[in-house]
Amino acid sequence: MSADITELPLTLRGRLKMALAPRIRELRFSLHLLSKSASSIAGLVLLIFFLILALFPSLFAPARGVDPYVIPFDATHPFPEPPGSEGFPLGSGPYGYDIYYGIIWGARLSMVFAIVVVGISVLIGTILGLIAGYRGGVIDELIMRITDVFLSIPFLILVIAIAAVLGRGLDSSLKAMIVVFWSGYTRIIRGQVLAVRENAYVDAARAAGSGELRIMFRHILPNSWAPSIVQATMDMGTVVLVLAALSYLGLGAEPGTAEWGAMVQEGADWMVAGKWWMVFFPGLVISLFVLGFNLLGDGMRDILDPKMRR
Amino acid sequence: MTYIIRRLLLLIPVLIGVSILTFFIINSAGDPVTPYLQNPEHTTPEQRQLIIEKYHLDEPPYIRYFYWLSNVLHGDLGYSTEAGGLPVTEAIAKKFPATFELTLIAMFFSIVFGISLGTISAVRANSPVDQSTRILALIGVSIPVFWLGLMLLYVFYYQFNIHDMMPAGRYSKPDFVDDDITFYTNFYLIDSILNGNPRLFWNVLMHLILPSITLAFASTAIIIRIMRASMLDVLGAEYVVSARAKGLPERVVIRKHARRNAMIPTTTVIGLSFGGLLGGAVVTETVFNWPGLGQWSIKAAQNLDTGGIMGFTLLVAIIYVLANLVVDVIYAYLDPRVRLD
């Protein structure tokens, strides 16, 4: 007997459970697939490592000074010391510039920075892409022509130009990157929405009297976000890579900040004198951080692709 | 043909948008007079007034934009203090060849290695060759360009003592003097041959190796990945199966039937990675002290030389947009299905 679903005593919890059940099932299945892909696991391990560093930096390098993101000075060690020296496991720069300390607190800085840039960019991109794709017509044209402009300049160069006029500092790097990164998501989401809105279940929802907003957010968005999740995962790495480049070029973090690119910049001149560790370790950590997100993103692309899913 | 014309027409709104964006960026830098000052420290208030009148800088922004655009179209982009007070257009002309030579060689490297490694990787999927190529490609997109450059320098210059690889421009200055060389093309590899100077050729080549490897690495990785993926797609296609079934040698199947078709998506990515190369050139030139557009633009950005920033951004945007146009046209040529819609 098929009981009329509306007759069931529907508490809020019950309704929520019913609505979420298929999503949770799919999520479980995704995680199952993820656990079978070796490269995704490798990426995940790297990311968990960085996440622990980012969440509990004080466990590994107790905060020193007023601002923990500034690498502390120590006048008793005027010259760079090699890795393994007393008090400097990864070596130091001049005046006790502790590479290990910078790497630990740099993990927190990079993680927070990437989450903020990617989060805001995804939000802007999703809203604009959804409106453009769903509405179509003049609004679509307008939004997409503006998006095209941002995508028609190589992103590193656009970021550099904006960061330059905003002046050096982490907050201008942040703004410069958000100004550039939203455009990619707008294009991806809009492309997906165009395809998804033709589905029969969208017409069905409309016929059942769903409002525009409900259709957009309940029916179209959940079926459109997969490619942009992959993109966002990859961009977490890209953002850190671009921030490091900005700092290396003297347009990002102030010198002395526990930011990996700024640390490489600090060490570049000392490499001539054979002090390789000042450049090697921060650069290696950037690479591992970015590699982690790339591995995971790659794995997720295969998993979320409906053609390869089952 | 109509396809090309339609693509060209589509460029117009993009270019207008790019110009508005650039104008907006430069205007948020503050003083709109700056780009037009050849020597900011020795400018009298009267001269400033003259510049304001000449360029209509006292008008509101939306009117100023049109004056600015008309000046840009007439080739007047102001002056670049970072290029020693040269007009921006002359600075670009002077610094372009260094960047072009470097980018061209890097592009050549990444296309050759990207396509061949991507093909091998797909043909021998899951073999050790494939695994190591995939790891190489992943590393390529993950490591910072400047770090790769610095580490290469450390190994080859400081450890192996190869002094011709010194990060000091396009050839060793004390060994060769500008005045002794005639620069015909400003491509130093070609010029050294035209000068009949094999020692200079060798020197120029040695200076080019590390920067071009550094610059090529990331785009090689991107091309490997897309080439491998599209080769795998194509190798499962029916026309490949039928080519094999009619007894063609495997080499012919791979080269003529599979790779040609796999090249179609790869072409697009090569065009896109050109933008990455231009961005990478900025970083690479800074690491290797390469006297090109990238190094100039970074100095301009560091010292708020607005004329320089504006000129470089506009130039790169135009080159990139045109490169994508060329790619689309090649794409249409390679894939007849595109021309039909």
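**Notebook: domains of chain A and the A–B interface**

I looked first for polar contacts (a pair of N or O atoms within 3.5 Å, one able to donate a hydrogen and the other to accept it, with residues adjacent in sequence counted only if both atoms are side-chain atoms). By class, the side of domain 1 of chain A that touches domain 2 of chain A has two nonpolar, one polar and two charged residues; Ala, Val, Leu, Ile, Met, Phe, Trp, Tyr, Cys and Pro count as nonpolar, Asp, Glu, Lys and Arg as charged, and the others, Gly among them, as polar.

I note that this is a predicted model, in which local features need pLDDT of at least 70 and side-chain atom pairs count only at pLDDT 80 or more, while totals for chains, interfaces and linings use all residues. Residues are numbered from 1 along each chain as its sequence is written, chains are lettered from A in the order in which they are written, and side-chain values use heavy atoms, without hydrogens and water.

**Domains of chain A**

The assignment, automatic or from a database, gives domain 1 as 1-33 and domain 2 as 37-309. I read 34 Å between their centres, taken over C-alpha atoms. Five residues of domain 1 are in contact (heavy atoms within 4.5 Å) with five of domain 2.

**Interface of chains A and B**

I counted 43 residues of chain A in contact with 39 residues of chain B. The buried area (accessible area, 1.4 Å probe, lost on putting two parts together, summed over both) is about 3,400 Å², and carbon and sulfur atoms give 81% of it. I found one salt bridge across this interface: D298(A) pairs with R225(B), with the closest N and O atoms 3.0 Å apart. Five residue pairs are in polar contact there, both residues at pLDDT 80 or more.

**Confidence**

I recorded ipTM 0.87 and pTM 0.88 for the model. Chain B averages a pLDDT (the predictor's confidence in each residue, from 0 to 100) of 84, and 95% of the residues score at least 70.

Definitions and conventions:
A salt bridge is a side-chain nitrogen of Lys or Arg within 4 Å of a carboxyl oxygen of Asp or Glu.
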